[in-house]
Amino acid sequence: MDNIIFENNRLFILDQSKLPNEEIVIEMKSLEDCYDAILRLKVRGAPAIGIFAGYSLALFHGGNIEKAKEYLDSARPTAVNLTYATSRILKSYRGGKNPVEEAVAIHNEDKNTCFKISEYGLSLLKDGDGILTHCNAGALAASKYGTGLGPIILGTEKGYKFHIYCDETRPLLQGARLTSYELEKSGADVTLICDDMASYVMKKGLINAVLVGCDRVAANGDTANKIGTSGVAVLARYYGIPFYVLGPLSTVDFNTPDGDGIVIEERDADEIKNMYFEKPSALPQTKCLNPAFDVTDNSLITAIITDRGIARPPYEISLKELLK
């Protein structure tokens, strides 16, 4: 599934804000278009945002690449892959290299990264497993197989018969709109559930593992995941179910010692009260708290699966070991 398309020096994206009912491909024609696409979740998922930002800065920096980088970086401050990619483009530009070639390299590297994450993740699963997912971390959020969904999609290709329970993931419904869409397209057995049913399916013995993606990992293994993920992790610990976080090693911010240093993005209240509803679900004056992410404490995580291997507690040591 191609969510970011670069051909003939033109940049296109599959508009994820329209899925699953409309599959619309739109062209980016300016840096403002690219900023808007990130901000409004037309392109989303930490690796995908990084890939897209690389192309965006390379194509539309307008000669003032430092200012353009600062502008793009402000679109989604939690996603470390964004600044990772734009920093690489800036370094390439300053070094007299072709920044577009660097952007293509970032894209190709992510495809290889996702495949490796998928292989490592699949090694922890068994044929017939029941798997719970939260948010979306498939090809739409990255490239090719994706991260959190990668082991499922790769396993399905290899003939594994998983039973996937997919949290809808309020308020933006990435699980309902995107994960169930991707898994249906891949041929996997997927059942959509409301977010507050996670405990129910765990208690019924339907879940053998939880797979989630991440937007940032602190040096101690605390992870920033889509809001609601930490609650799923608490439930998984209570029921003795492995809770796996999957993402590229580039998602680990070794300059952030723990989750307290991760900036949590606050989004518009309209997403809770109006988006995806025919009529508002609350009064106009009702206040809303709408953080995009929460931090999952490292003590709740069974393993962090990266493209360089599987890290287990203590993460302060194991994550650094993967750098070697």
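Q: Which residue in E12 does asparagine 225 stand opposite?
A: Asparagine 225 stands opposite aspartate 294 in E12; keep in mind throughout that this is a predicted model.

Q: How many bridges join E9 to E12, and do they run parallel or antiparallel?
A: Four bridges join E9 to strand E12, residues 293-296, and the two run antiparallel.

Q: And what about E8 and E9, how do they pair?
A: Strand E8, residues 216-218, pairs with strand E9, residues 223-226, in the antiparallel sense over two bridges, and the bridge partner of valine 217 in E9 is threonine 223. The hairpin of E8 and E9 has four residues between the strands, and glycine 221 in this hairpin takes a positive phi near 95 degrees.

Q: Speaking of positive phi, which residues other than glycine have it?
A: Among them are asparagine 8, with a phi of about 50 degrees, and cysteine 135, with a phi near 65 degrees. Asparagine 8 is found in the loop between strand E1 (4-7) and E2, while cysteine 135 is in the loop between E4 and helix H6 (150-157).

Q: Is asparagine 8 buried or exposed, and why?
A: Asparagine 8 counts as exposed because its relative accessibility is 72%, and the cut-off for exposed is over 50%.

Q: Then cysteine 135, buried or exposed?
A: Cysteine 135 counts as buried, because its relative accessibility is 12%, where buried means under 20%.

Q: Switching to the sheet: what is the strand order?
A: Seven strands form an open sheet in the order E6-E5-E4-E7-E10-E13-E14, with mixed pairing. The edge strands, each pairing on one side only, are E6 (189-193) and E14 (309-311), and from one strand to the next the twist averages 25 degrees.

Q: How does E5 pair with E6?
A: Strand E5, residues 163-167, pairs with E6 in the parallel sense over five bridges; isoleucine 164, for instance, has valine 190 in E6 as its bridge partner.

Q: Which helix packs on the sheet there, touching E5 and E6?
A: That is helix H7, residues 174-186, which touches strand E4 (130-133) as well as E5 and E6, and whose direction makes about 160 degrees with that of E5.

Q: And which strands does H5 lie across?
A: Helix H5, residues 99-122, lies across strand E10 (243-246), strand E13 (303-306) and E14, and it runs at about 140 degrees to E13.

Q: New topic, cis peptides: where is the one with omega of about 5 degrees?
A: That cis peptide bond joins leucine 19 and proline 20, and proline 20 lies in the loop between strand E2 (10-14) and strand E3 (25-28). Another cis peptide bond joins proline 313 and proline 314, with omega about -5 degrees; proline 314 lies in the loop between E14 and helix H11 (315-321).

Q: Last one: how do the axes of H1 and H2 cross?
A: The axes of helix H1, residues 31-39, and helix H2, residues 46-60, come within 9 Å and cross at roughly 165 degrees. H1 and H2 are therefore roughly antiparallel to each other, since angles over 145 count as such, and their crossing is left-handed.

Q: Which residues meet in that contact?
A: Leu31, Cys34, Ala37 and Ile38 in H1 meet Ile49, Phe52, Ser56 and Phe60 in H2. By class, the contact of H1 with H2 has seven nonpolar residues, one polar and no charged ones.

Key
Residues are numbered from 1 along each chain as its sequence is written. This is a predicted model: local features need pLDDT of at least 70, side-chain atom pairs count only at pLDDT 80 or more; totals for chains, interfaces and linings use all residues. Side-chain values use heavy atoms; hydrogens and water are left out. Two strands pair if DSSP finds at least two bridges between them. Axes are lines fitted to C-alpha atoms, for helices over the stretch in contact, and angles run from 0 to 180 degrees between N-to-C directions. Contact means heavy atoms within 4.5 Å. Buried means under 20% relative accessible area, exposed over 50%, partly exposed in between (1.4 Å probe, protein chains only). Angles under 35 degrees count as roughly parallel, over 145 as roughly antiparallel, 65 to 115 as roughly perpendicular and the rest as oblique. A crossing is left-handed if the near helix is turned anticlockwise from the far one by less than a right angle, and right-handed if clockwise. Ala, Val, Leu, Ile, Met, Phe, Trp, Tyr, Cys and Pro count as nonpolar, Asp, Glu, Lys and Arg as charged, and the others, Gly among them, as polar.
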